[in-house]
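Colleague: Could you take me through this model, one question at a time, and say which cut-offs lie behind each term?

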Amino acid sequence: MSTSGKSSSNLFQRLNIRFPWLKIVVTVTLCLIALLDLMRSTISSTRDANTIKIAPMARHVKITSRDLEGKKLVALTFDDGPSSETTPRLLGILEKREVPATFFMLGSKARNNPELVKQVAKEGHEIGSHTMYHQNLIRIAAAAAESDINEAKAVLRDILGKDISLTRTPYGNTNDRIRNFVGTPIILWSVDTLDWKIKTTESIVGITMSQVGDGAVILMHDIHPTSVDAVPTLVDTLRDNGYEFVTVSELAEKKGIKLTPGAIYYNLR
Ligand code: NI
């Protein structure tokens, strides 16, 4: 050991005499390596912190562990999406306020935004079908209506890896043939915010507060920026009035209602 130590120190001494600049080069190189290592560990720890903050499971647990004791319950529902323009912003708002919602998606839009569909599900929201192309099912041929319903189910099944268990027919229109065919409960609404028509937060909140009650199903559309804009005030106002938010299936469960395929529900109380 001492021999090799001696010979290596002799080597350094000899190198030092022959190449006096080598010491500086080695020192500078070592410093640079240390600096790069420090930068890399700082970047990766920042990334870890972000990952933990947006972890979908943490979010989901948070949403489902809210205290619902003594609260009036409502289901916020969003139709006609998902939209890459507006749905991500809505998800951010819902996450921040810990509000689970139900999204009745169009198969045609879901097919174009599969990652967004998965994100909605991962973040603890419920997804139902709003058919494939938003046709008025009672005005088209029965076979066309059935294939529209089936196509949307297949698209959502492919993306989510499981069958959807709720349907909202476009315009709320159904007939006996559709009810017999649809294979899931049909969820309509008890509060129509008219958010597609009167695009102000004041109107959306005002209509909701005048029609809402325990077990209400509130109809909105996540494709309008103005609807998304209204959500923070709507959520805060409902909470100030003793309401808490659940998905449609949770609402049925909390109210002891067994949802039946083909049956139509306007509210769950
Ligand atoms: Ni619609």
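Colleague: Which residues have the most contacts inside the largest nonpolar core?

Modeller: This is a predicted model, in which local features need pLDDT of at least 70 and side-chain atom pairs count only at pLDDT 80 or more, while totals for chains, interfaces and linings use all residues. Residues are numbered from 1 along each chain as its sequence is written, and side-chain values use heavy atoms, with hydrogens and water left out. A nonpolar core joins buried (under 20% relative accessible area, 1.4 Å probe, protein chains only) Ala, Val, Leu, Ile, Met, Phe, Trp, Tyr and Cys residues through side-chain atoms within 4.5 Å. The largest such core has 37 residues, and those with the most contacts inside it are Leu76, Phe78 and Phe103.

Colleague: Which protein atoms are the donors of the nickel ion?

Modeller: Donors are N, O and S atoms within 2.8 Å of the metal (3.2 Å for Na, K and Ca), and the site may look incomplete because water is not among the atoms. Along the chain the donors follow the spacing D-x49-H-x3-H. Lying 2.1 to 2.2 Å from the nickel ion, they are Asp80 (OD), His130 (NE2) and His134 (NE2).

Colleague: Are Asp80 and His130 buried or exposed?

Modeller: Asp80 sits in the loop between β1 (72–79) and α4 (87–96), and His130, 50 residues apart from it, in the loop between β3 (126–129) and α7 (142–160). Asp80 and His130 are both buried.

Conventions
Helix = DSSP H or I, 4+ residues; strand = E, 2+ residues; numbered from the N terminus. Buried < 20%, exposed > 50% of the residue type's maximum accessible area, 1.4 Å probe, protein only.
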